Amino acid sequence: MPTSKTQKIINDITVQIESGKLAPGDRLPSTAELRAQYGVSITVVRGAVNWLKAKGLVEGHPGLGVFVVGGDE
């Protein structure tokens, strides 16, 4: 089944969090970095990050970035 660009980013970041490559407190790459890494628009990146926020995997801090949420909160 084909995976959307948004879903690919969601899957990749989720796997990195679950594997420990991205630990609680780690900052996600910036929107610009994710756009360059995946070759997608800002809309795709924002959609993926918003989904990860809605699922409680990451949280945004204005002016600082988006960070992985701790597992024991």
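Reader: Thanks! Where is leucine 28 found?

Author: Leucine 28 sits in the loop between H1 and H2. Helices here are DSSP runs of H or I with at least four residues, strands are runs of E with at least two, and both are numbered from the N terminus. Before we go on, this is a predicted model, in which local features need pLDDT of at least 70, side-chain atom pairs count only at pLDDT 80 or more, and totals for chains, interfaces and linings use all residues. Residues are numbered from 1 along each chain as its sequence is written, and side-chain values use heavy atoms, with hydrogens and water left out.

Reader: Got it. Is leucine 28 buried or exposed?

Author: Leucine 28 is buried, because its relative accessible area is 2%. Buried means under 20%, exposed means over 50%, and partly exposed is in between, using a 1.4 Å probe and protein chains only.

Reader: Let's switch to helices. Which residues of H1 are buried?

Author: In H1, the buried ones are Ile9, Ile10, Ile13, Thr14 and Ile17. They lie on the same side of H1, because they cover an arc of only 125° around the axis. That arc is taken from the directions from the helix axis to the C-beta atoms.

Reader: Which are exposed on the other side of H1?

Author: Those are Lys5, Val15, Glu18 and Ser19. Valine 15 has a relative accessible area of 52%, so it counts as exposed. Between the C-alpha atoms of valine 15 and valine 44 there are 18 Å, and these residues are 29 apart along the chain.

Reader: How many salt bridges are there?

Author: The count comes to 1 salt bridge, the term being used for a side-chain nitrogen of Lys or Arg within 4 Å of a carboxyl oxygen of Asp or Glu. The side chains of lysine 8 and aspartate 12 form it, at 3.1 Å from N to O. Both residues lie in helix H1 (residues 5-19), 4 residues apart, which is about one turn of the helix. Aspartate 12 has 24% relative accessibility, so it is partly exposed. Lysine 8, at 42%, is partly exposed as well.

Reader: What span should H3 have?

Author: At 1.5 Å a residue, the 13 residues of H3 should span 18 Å, and this agrees with its end C-alpha atoms, which are 18 Å apart. The expected span is 1.5 Å times one less than the number of residues in the helix.

Reader: And which residues are buried in H3?

Author: Val44, Val45, Ala48, Val49 and Leu52 are buried there. Their arc around the axis is only 125°, so they are on the same side of H3. Thr43 and Ala54, on the other side of H3, are exposed.

Reader: New topic: what volume does the largest pocket have?

Author: Its volume is about 230 Å³. On a 1 Å grid over the protein atoms alone, a pocket is an open set of points where a 1.4 Å probe fits, with protein on both sides within 12 Å along at least five of seven lines, and lining residues have an atom within 4 Å of a point. The volume is the space filled by probe spheres set on the points, which are joined across faces, edges and corners.

Reader: Which residues lie nearest its centre?

Author: Of the 15 residues lining the largest pocket, Thr31, Val49, Lys53, Gly65 and Val66 lie nearest its centre. H3 supplies the largest share of the lining, 4 residues.
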